[in-house]
Amino acid sequence: MSHFSCQRRRTVTVSVGNPAITIGSEAPVRIQSMASTPTLDTEASVTQGRSIIEAGAELLRYTAQGVMHARNLGEIRKRLRELGFVTPIVADIHFNPKAAFEAATQVDKVRINPGNFIDPGRVFRKIDYTDAEYEAELRRLDDALIPFLELCKSRSVAIRIGVNHGSLSDRIMSRYGDTPEGIVESALEFLRVCRRTGFSDVVVSVKASNVALMVSTVRLLVNRMDSEGLHFPLHLGVTEAGDGDDGRIKSAVGIGTLLSEGIGDTIRVSLSEAPEAELPVARALVDYIALKAQAPEVPGELLPGYDPIFPVTEQISPIGKDRFPIVVGADIPLHDLDMQRFRAEELWGELPASLQPGRIILLHTDHGNPSAAILAAIHNLRRRGALNPIIISASYTSLTPEEVTLRSSVDLGAIFLAGFGQGIHIEADCLTPDKATQLAFGILQATRRRITRTEYIACPGCGRTLFDLPGTLAAVKKATAHLTGLKIGVMGCIVNGPGEMADADYGYVGAGPGSISLYRGKQCVCKGIPQAEAVDRLVELIKADGLWK
C-alpha cells in the first residue's frame with residue numbers, strides 16, 4: 001500500500017444490525033456519533049438519537065455504565081424503531097463486563113475497551129510479571145472474553161475492540177510501557193481471541209488525543225494485523241479533539257491522513273459540541289477523500305523511514321535545518337523570501353535545471369490529491385540530494401471557511417506529520433489573511449511541529465458527563481488561553497480522566513454531580529471541588545506551580 005494512493009486497505013466485511021449495514025473495504029466509509037444524554041433518560045435519549053440520525057449518523061452509540069443502562073438501551077432501540085429509525089445502536093462499555101453481556105442482548109454492536117474490560121482500572125502501578133505469570137493473565141483474558149464472543153455470535157451482534165492511549169491497563173503498561181507498541185498489543189490480544197473462536201464481526205480502533213501518536217499507532221496496528229492475517233475493518237478517531245476550529249483541525253489531520261492512505265472504514269469526529277455537529281464534519285472528510293481518490297495516480301516511491309523522518313535541510317534564513325516551520329505572512333512576508341516557485345508535478349522526475357541550491361522552494365500544486373503530489377515531489381528531491389528548505393503553499397477558492405479548514409488540514413497535515421515542510425502558506429478567498437494565518441498555526445500545532453497556543457484535550461461528552469461540557473470548556477479556555485504550550489484536559493467523568501488525558505499537564509475532571517477533581521499530570525491534587533469554584537481553583541493551581549504567564 002502506497003502513501004501516494006487513496007486505495008482502500010482490503011478488509012473482511014462486518015455486518016451490523018437488522019436490517020444490516022456493512023463495514024469494511026467493500027462498503028462506503030461509515031460515519032457515526034455518540035449521544036450525550038443520560039442513558040436511563042429514555043425520552044431524552046430517543047429525542048437526541050433521532051436528531052443524530054437525521055444529521056447523518058449511520059451508527060449511533062450510547063454509554064452503558066451498568067446493567068440497568070445496558071438494559072434500557074433495548075427500550076431506546078425499540079422506541080427509535082417505532083419512529084422508523086433502523087440505524088444500528090451501539091453500546092459503549094467501560095469497567096463492567098456484566099454490562100457488556102447485557103448489552104449484547106439489547107443492541108446491534110458493543111464496544112469494549114481492552115484496557116478495562118478484564119483488567120482492573122488503571123492506577124499507574126508497575127507490575128513485574130514473569131513470562132509464565134503473563135501467560136496466565138492471557139488465559140484469564142480467554143476465560144472472560146470467549147463467553148462474551150459466543151453470546152455475540154449467537155445473537156449476530158458485532159463488537160468493536162476500542163483501545164485508547166490513556167486507558168491502557170497497568171498490565172500492558174508494565175510490559176510495553178506507554179507506547180504505540182503497547183496500544184497495538186492491547187488490541188491484538190483481543191483480536192487473536194476473536195480469530196481463535198471464529199468470531200469475525202469485529203471492528204478495531206486505536207485512538208489518542210495526540211494526532212501524531214494516533215496516526216503512527218494506527219499504521220503500526222495495520223502492519224501488525226496484516227502480518228498476522230487479521231484483516232478486520234478499522235474505526236478512526238482522534239479522542240478528546242476539543243471544539244471549534246482546533247477540534248476540526250486535529251480530527252481532519254489525523255483521520256484525513258489515514259483515509260488518504262486507504263486506512264479506515266468507519267469514523268467518528270469527536271467534538272466537545274452537540275453530537276449533531278460531528279456528522280457534517282465527518283461527512284465532509286469522507287466526501288473529500290472520495291474526491292481525492294478520483295485524481296490521477298501520483299508516481300514515485302517512498303523513502304525508507306517515512307514515519308516520520310524529520311529530514312535535515314539546508315538552513316537559509318529564516319528557515320531550514322532544525323528551526324521551527326514558519327508561517328508565511330505572520331513570521332515574514334512572502335515577498336521578503338528569496339525563493340523559487342515550483343509546481344509539485346515539475347519535481348516528480350529529473351530535477352529541472354532551473355532548480356538552484358541555496359534557495360528556498362515554494363511548492364504548490366493543482367493536483368486533485370495535493371498531499372500525494374507534494375509528498376512525491378519532496379521524496380524525489382531528497383532522493384536526488386536536493387536539500388532546499390521547502391515552504392508548502394496551498395490555495396483554495398469557492399469554498400466555505402469550514403471546507404477550507406478541513407481540506408487544508410487533510411492536504412497539509414500528512415506532510416507536516418511526516419516532518420517535511422519548513423514553512424506553510426495558506427490562501428483562501430473566503431478567509432481573511434489573519435484567519436488563514438491562524439489556520440496555518442493550527443495545523444502546525446496539531447502535527448506537533450510548532451506549538452503557539454494552549455492545547456486543550458477535551459472529551460466530546462456522553463451519558464456519563466457530569467457537567468455542561470461545552471460551557472465549561474469555554475470557561476476554561478477564557479481563563480487559560482494565553483498559556484502557550486500548556487496542555488489542559490477537560491473531562492466529563494472519571495472514565496475519561498485521568499487516563500484519557502494522560503498527555504495533559506493539568507486536568508479538570510467531573511467527579512460527581514456539581515463536583516470537580518483537579519489533576520496535575522496523572523495525580524489528583526484536589527478532590528470534590530464545587531463546580532462553581534473549579535475554574536478559579538485550576539488557575540490557582542497553575543499559578544502555584546509557577547506556570548502562569
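This is a predicted model: local features need pLDDT of at least 70, side-chain atom pairs count only at pLDDT 80 or more; totals for chains, interfaces and linings use all residues.

Visitor: What makes S18 and S19 paired strands?

Guide: Two strands pair if there are at least two bridges between them. S18 and strand S19 (residues 487-491) have four bridges, in the parallel sense, so by that cut-off they count as paired. One of the bridges joins Tyr456 to Ile488 in S19.

Visitor: How do you know that S19 and S20 pair, and in which sense?

Guide: Four bridges join S19 to S20, and the two strands run parallel. The cut-off is at least two bridges, so this is a pair. Met491 has Val509 in S20 as its bridge partner.

Visitor: In which sense do S20 and S21 pair?

Guide: S20 and S21 pair in the antiparallel sense, over six bridges.

Visitor: What is the order of the strands in the open sheet?

Guide: The five strands are ordered S18-S19-S20-S21-S22, and the pairing is mixed.

Visitor: Why are S18 and S22 at the edges?

Guide: Strand S18 (455-458) and strand S22 (523-530) each have a single partner strand, so one side of each has no neighbour in the sheet. On average, neighbouring strands here are turned by 20 degrees against each other, direction ignored.

Visitor: What makes S20 mostly covered?

Guide: Buried means under 20% relative accessible area. Six of the seven residues of S20 are buried, and therefore the strand is described as mostly covered.

Visitor: Which helix lies across S20?

Guide: Helix H14 (residues 531-544) lies across S20 (506-512), and also across S19, strand S21 (515-520) and S22. H14 runs at about 145 degrees to S22.

Visitor: What is the volume of the largest pocket, and which residues are closest to its centre?

Guide: The volume is about 410 Å³. The lining has 25 residues, and Thr365, His367, Pro370, Ser395 and Tyr396 are the closest to the centre. Helix H9 (278-293), strand S15 (360-364), helix H10 (370-383), strand S16 (390-396) and helix H11 (401-417) each give two or more residues to the lining.

Visitor: How does the lining of that pocket divide by residue kind?

Guide: The lining has 11 nonpolar, eight polar and six charged residues.

How values were computed:
Residues are numbered from 1 along each chain as its sequence is written. Side-chain values use heavy atoms; hydrogens and water are left out. Axes are lines fitted to C-alpha atoms, for helices over the stretch in contact, and angles run from 0 to 180 degrees between N-to-C directions. Contact means heavy atoms within 4.5 Å. On a 1 Å grid over the protein atoms alone, a cavity is a set of points where a 1.4 Å probe fits but cannot get out, and a pocket is an open set with protein on both sides within 12 Å along at least five of seven lines; lining residues have an atom within 4 Å of a point. Grid points are joined across faces, edges and corners, and a volume is the space filled by probe spheres set on the points. Ala, Val, Leu, Ile, Met, Phe, Trp, Tyr, Cys and Pro count as nonpolar, Asp, Glu, Lys and Arg as charged, and the others, Gly among them, as polar. Buried means under 20% relative accessible area, exposed over 50%, partly exposed in between (1.4 Å probe, protein chains only).
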